[in-house]
Amino acid sequence: MEVLLLGGTGTLSTDIMLLSLQKGHSVYILNRGNSNQNVPQHVKILKADIKNSDSVISAIESLHFDVVVDFLSRTSNDLEHTYIIFKDICKQYIFISTACVYKREEDQIIAEDSEMPNINWSYNIEKFECEQKLKELASKHIYTIVRPYITYDRKRIPYGITPADYQQGWTIIGRFLAHKPMFIWNDGNNTCTLTSAKDFAEGVVGLFMNPKAKNESFHITSNEVLTWNEVLHTLKDVLNSKSEIIHIPVKEIIKDFPEYKGMLLGDRTLNAHFSNKKIREAVPSFNPTPKLKDEITCIIQNYRDNRYFKGIDYVWDAKVDRLISRYYPNNTKFVDYLQMHSRRDYTIYLLHRYLCKDKISQLARNIHKLLIK
């Protein structure tokens, strides 16, 4: 089977790429070539910017595919742009949406026909609009919509608010190892469903040219339903940490992390419990088992084996300390988690720990004026 992954090196797509190879498929990936260092040699790399139709058409030349998997479309315009390029050269177009599109109610078990969309986060609305656009455009073709929920691999810490670059996840681990306090929103008792990328891949690859996937939608999630308190305490226990877990109202968290307002109100503070009946009927080999503790252990070791990837996000760490200090002042100060910080790291931490964003911007402007005089 000829399979093209648009992207191919992210949290979701990497394990799909590896499992596709294992299944004997001929695998292509299309991306700009910025993160292809660890791509297996048997994968065929097509370099192009998906937003540039000419570069994509040039890269794919006269190729045809059984399956194209779109990990990249965020808006309906993105989806339309990409689908038009591939609709006549693939047999099945798989769009990776999100399980956040569902509305949530307390104690609800979500199925594929549950009410949509969840309007409390722009991301949810955009992905839902992508789904609607695909159904409109692909009325005479085969498409499949896949909705992952929170998915993690051996680089990504499964927590709700993390550094923007997930390869700086040691910032969270470092806090626990230093016994610094960590926070959770509200009472931390709303439920979540965390899925390993390998389990997700089993579901997606099983849908390749699967008759039961024709013009259907599936969410692919774990069977392990946890509260966010349980998630954070699992991480704490694996690290044998004495960190205090501080419960903070969402409205206060948003003051320091305004960029997470949509995510918190439109997802993380809502219950997420999914029925996997439909995907298990279509792909009988999909059978995720509870394993969060073991997976976290592997993530920690993977960071140690890979020089802690991209190190510490001192902006994020400083903002967490600033937030927590309003409720629990103990041990909310700079810590050199890897014993290798620079003066620049320390300065960045101090600026974001004690100054708000507006004051930092003003300070930067003042320094710039002094330098150009």
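L350 sits in helix 13 (residues 343-354); helices here are DSSP runs of H or I with at least four residues, numbered from the N terminus. Before you start: this is a predicted model, where local features need pLDDT of at least 70, side-chain atom pairs count only at pLDDT 80 or more, and totals for chains, interfaces and linings use all residues. Residues are numbered from 1 along each chain as its sequence is written, and side-chain values use heavy atoms, with hydrogens and water left out.

**Exercise 1.** Work out whether L350 is buried, partly exposed or exposed.

*Solution.* Start with the cut-offs: buried is under 20% relative accessible area, exposed is over 50%, and partly exposed is in between (1.4 Å probe, protein chains only). L350 comes out at 31%, so it's partly exposed.

**Exercise 2.** Find the residues with the most contacts inside the largest nonpolar core.

*Solution.* A nonpolar core is a set of buried Ala, Val, Leu, Ile, Met, Phe, Trp, Tyr and Cys residues joined through side-chain atoms within 4.5 Å. Next, look at where the core comes from: helix 12 (residues 314-325) gives the largest share, six residues. Now zoom in on F183. Skipping neighbours within four places in sequence, its contacts (heavy atoms within 4.5 Å) include Y159, I161, I253, V320, L323 and I324.

**Exercise 3.** Identify the side chain that makes a polar contact with the side chain of D199.

*Solution.* First locate D199: it's in helix 6 (residues 197-206). With a relative accessible area of 13%, D199 is buried. Then check for polar contacts, meaning pairs of N or O atoms within 3.5 Å; within protein, one must be able to donate a hydrogen and the other to accept it, and residues adjacent in sequence count only if both atoms are side-chain atoms. The partner is K291, at 3.1 Å. Beyond four places in sequence, D199 also touches I220, F286, P288 and T289.

**Exercise 4.** Which polar partners does R104 have?

*Solution.* Go to the loop between strand 5 (90-96) and helix 4 (122-137), where R104 sits; strands are DSSP E runs of at least two residues. R104 counts as buried at 13% relative accessibility. Side chain to side chain, R104 pairs with D267 at 2.5 Å. A polar atom of the R104 side chain also lies 3.0 Å from the backbone oxygen of N271.
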